[in-house]
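Trainee: I'm new to this structure and would like a close look at one part of it. Could you walk me through the enclosed space and what sits around it?

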Amino acid sequence: MRPSKTSVGIIGAGPAGLLLAHLLSAKGIDVVVLERRSRAHCESRVRAGVLEQGTADTLAEAGVGERMRAEGQVHHGIELRFGGEGHRIAFEELVPGRAITVYGQQEVVKDLIAANLANGVDLRFEVEDVAIGSLADPYLTFGGERLDCDFIAGCDGFHGVSRESVPAADLAVYEKTYPFAWLGILADVAPSAPELVYSASERGFSLHSMRSDSVSRFYLQVPPDTRPDDWTHEAIWAELKARHETVPGFTLATGPITQVDVAAMRSFVAEPMRFGRLFLAGDAAHIVPPTGAKGLNLAVADVRVLARALGEYYRTGSEALLDAYSAACLDRVWRAQHFSWWMTTLLHRFEGDPYDRRLQQSHLAYVARSRAQATALAENYTGLPYAD
């Protein structure tokens with residue numbers, strides 16, 4: 001093997017790995033990013049699209065927010081639609097100064113790749129057989145090469161090698177699987193509403209979102225064993241209309257569907273998020289159902305904490321912030337877990353006890369009329385402030 005050395009070896013070129021690389025390189029810390037997929041694949045993956053206030057601010061402060069500010073859509077509220085009525089959660093009134101920005105994850109990735117390459121960061125795509133050689137004296141192997149590291153950042157997602165490299169006895173895992181999935185639909189059609197619409201109907205949950213002025217994103221609650229080709233495009237539009245055209249005067253615009261996928265609905269947390277010189281970040285450590293729009297935002301929050309801790313180590317030699325990394329991240333992770341679970345159970349149709357259904361309906365009505373409940377939703381949805 002051809003030996004090489006870096007300060008921080010980063011596995012994964014998603015938002016977490018790329019943002020960490022960008023923040024560390026700005027501090028003069030040497031990094032290498034290893035990604036098994038191609039650059040084109042990373043830049044075209046349609047995933048999350050809602051950025052919390054803190055996430056948008058972080059990207060802007062890091063110098064990678066110019067296109068986001070120009071092309072992203074800033075929203076100051078969302079709509080909860082149920083019982084034949086729409087109820088707006090007004091962020092500008094409930095949490096002044098906080099909003100969300102609708103800007104696709106793939107666009108964030110494009111911006112971060114461009115910034116890292118411009119700064120001379122060593123990004124390696126289509127890297128095969130990445131493995132962690134040690135957690136105490138860390139090194140990575142891949143494609144016949146060895147990369148020695150001071151630290152390893154596992155930013156390679158739920159199915160990556162990082163978490164799998166941790167002995168099972170050292171890992172506490174908490175998980176929940178929901179009895180439904182989301183059918184995701186991308187369509188070349190202008191949004192039919194100015195803000196995101198969360199619709200809870202007797203037919204099941206649906207979400208109207210957007211990616212631009214001419215591209216809309218939709219989700220339908222479907223059985224967990226659903227496959228994308230189970231639904232014709234005609235059936236998708238018919239069901240979206242049935243679940244969204246439940247308030248007077250609203251008509252859902254239709255257009256060419258360009259992508260259909262299925263997302264499992266699950267909650268997952270692995271603790272702790274540090275093992276020796278390995279640090280887990282983003283989906284490698286935690287998964288949330290997408291109802292609360294927290295996945296990408298949690299990854300950014302993790303990376304903020306880790307970049308600061310590594311910066312302190314290389315500046316002073318202190319490991320105090322590195323030692324505190326896991327606890328600091330998990331405090332926010334569990335708040336987001338609860339919010340995502342709450343939004344999911346509030347809005348989805350669960351088969352079973354009619355008593356539970358009536359409780360759900362009562363809770364929805366309470367959120368719509370209670371300023372305190374609406375404020376709690378707005379505060380969590382736009383993102384809790386960072387501690388630093």
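Mentor: Let's go through the cavity, then its surroundings. Keep in mind that this is a predicted model. The count of cavities of 30 Å³ or more comes to one, and the volume of that largest cavity is about 90 Å³. Its lining is made up of Glu-52, Lys-294, Asn-297, Leu-298, Arg-332, Arg-335, Ala-336, Phe-339, Asn-380, Gly-383 and Leu-384. Two elements, α9 and α11, each give two or more residues to that lining. The largest share is from α11, with four residues. Sorted by class, the lining has four nonpolar, three polar and four charged residues.

Now pick out two of those charged residues, Glu-52 and Arg-332. Their side chains meet in a salt bridge, at 3.9 Å from N to O. Glu-52 sits in the loop between β3 (50–51) and α3 (53–61), while Arg-332 belongs to helix α11, so this pair ties together parts 280 residues apart in sequence. Glu-52 counts as buried because its relative accessibility is 6%, under the 20% cut-off. Arg-332 is buried too, at 17%.

Thr-382 is in helix α13 (residues 371–382), and it is buried, with a relative accessible area of 0%.

For another space, turn to the second largest pocket, with a volume of about 390 Å³. It is lined by 21 residues, and Val-305, Ala-328, Cys-329, Ala-387 and Asp-388 lie nearest its centre. Helices α9 (295–316) and α11 (325–347) turn up again here, each supplying at least two lining residues. By class, this pocket's lining has 14 nonpolar and seven charged residues, and no polar ones.

So, to gather up the cavity: α11 gives four residues to its lining, and one of its residues, Arg-332, forms a salt bridge with Glu-52.

Key
Residues are numbered from 1 along each chain as its sequence is written. This is a predicted model: local features need pLDDT of at least 70, side-chain atom pairs count only at pLDDT 80 or more; totals for chains, interfaces and linings use all residues. Side-chain values use heavy atoms; hydrogens and water are left out. On a 1 Å grid over the protein atoms alone, a cavity is a set of points where a 1.4 Å probe fits but cannot get out, and a pocket is an open set with protein on both sides within 12 Å along at least five of seven lines; lining residues have an atom within 4 Å of a point. Grid points are joined across faces, edges and corners, and a volume is the space filled by probe spheres set on the points. Ala, Val, Leu, Ile, Met, Phe, Trp, Tyr, Cys and Pro count as nonpolar, Asp, Glu, Lys and Arg as charged, and the others, Gly among them, as polar. Buried means under 20% relative accessible area, exposed over 50%, partly exposed in between (1.4 Å probe, protein chains only). A salt bridge is a side-chain nitrogen of Lys or Arg within 4 Å of a carboxyl oxygen of Asp or Glu.
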